[in-house]
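Subject: Structure for your review

Dear colleague,

Please find below the structure that I am handing over to you.

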Amino acid sequence: MIAIMSVTVFDRLRAISSSSRDYAEGDTIFRTGDAVTYLHVVAEGRAHLIRHLEGGKTLILQRAGAPAILAEASLHNDVYHCDAVAESRLKLVLIERRVLARRLAHDRDLALAVEVYLAREVQQA
């Protein structure tokens, strides 16, 4: 059931995507303090969200492999709270934040699909 729901939500998100972007392993996707303008959907490959700690240590906040939503917690912030790095060759589907907000407000089925996906991600953490 989870796989079916996930495919549905990712298909729906791809349908409202404005573009996609490819990254090589090790490429930075965004940095702490960058403006949040897109929802990033991992279509191929893997990405990590990383927070840099005092003393040079790092904390991995998310390991996102396809299919996954990357940094969804940042959607309601103006800037990112962490860095995102491609851990392999990576293809991201990009959805403009303002477009997604409008769609979620007017498309209850999409909003519910995203809500269920995010709830399951938290339950599996």
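The notes that follow cover the sheet, the nonpolar core, a surface patch and the salt bridges.

Please bear in mind throughout that this is a predicted model.

The sheet

An open sheet is formed by four strands, in the order β2-β7-β4-β5, with antiparallel pairing. The edges are taken by β2 (28–30) and β5 (58–65); each has a single partner strand, so one side of each is left without a neighbour in the sheet. From one strand to the next, the twist averages 30°.

The pairings may be followed along that order. Between β2 and β7 there are two bridges, in the antiparallel sense, and T28 has V85 in β7 as its bridge partner. Four bridges pair β4 with β7, again in the antiparallel sense. Strand β4 (residues 46–52) is joined to β5 by seven bridges, and these two strands also run antiparallel.

The nonpolar core

The largest nonpolar core comprises 33 residues, and the residues with the most contacts inside it are L13, I29, F30, L39, L70 and L90. Two or more residues each come from α1 (2–15), β2, β3 (38–44), β4, β6 (68–70), β7 (83–86), β8 (90–96) and α3 (108–124). The greatest contribution is that of β8, which gives five residues.

A nonpolar patch on the surface

L53, L59 and L61 make up a nonpolar surface patch, whose accessible area together is about 230 Å². Of these residues, L59 belongs to strand β5. L59 counts as partly exposed because its relative accessibility is 39%, which lies between the limits of 20% for buried and 50% for exposed.

Salt bridges

The count of salt bridges comes to five; three of them are described here.

The side chains of R12 and D107 meet at 2.6 Å, N to O. R12 lies in helix α1 and D107 in the loop between α2 (97–106) and α3, so this pair ties together parts that are 95 residues apart in sequence. R12 is partly exposed, at 28% relative accessibility, whereas D107 counts as buried, at 16%.

K91 forms a salt bridge with D22, in which the closest N and O atoms are 3.9 Å apart. This pair links distant parts of the chain, with K91 in strand β8 and D22 in strand β1 (residues 19–23), 69 residues apart. K91 has a relative accessible area of 24% and is therefore partly exposed; D22, at 57% relative accessibility, is exposed.

D78 and R97 also meet through their side chains in a salt bridge, at 3.8 Å, N to O. Since D78 lies in the loop between β6 and β7 and R97 in helix α2, the pair ties together parts that are 19 residues apart in sequence. D78 counts as exposed, with 60% relative accessibility, and R97 as partly exposed, with 23%.

With kind regards

Note on methods:
Residues are numbered from 1 along each chain as its sequence is written. This is a predicted model: local features need pLDDT of at least 70, side-chain atom pairs count only at pLDDT 80 or more; totals for chains, interfaces and linings use all residues. Side-chain values use heavy atoms; hydrogens and water are left out. Two strands pair if DSSP finds at least two bridges between them. Axes are lines fitted to C-alpha atoms, for helices over the stretch in contact, and angles run from 0 to 180 degrees between N-to-C directions. Patches are made of residues with over 30% relative accessible area and no salt bridge: like charges are joined within 9 Å, nonpolar side chains (Val, Leu, Ile, Met, Phe, Trp, Tyr) within 5 Å. Accessible areas come from the Shrake-Rupley method with a 1.4 Å probe; for residues, only the protein chains shown count as cover. A salt bridge is a side-chain nitrogen of Lys or Arg within 4 Å of a carboxyl oxygen of Asp or Glu. Buried means under 20% relative accessible area, exposed over 50%, partly exposed in between (1.4 Å probe, protein chains only). A nonpolar core is a set of buried Ala, Val, Leu, Ile, Met, Phe, Trp, Tyr and Cys residues joined through side-chain atoms within 4.5 Å.
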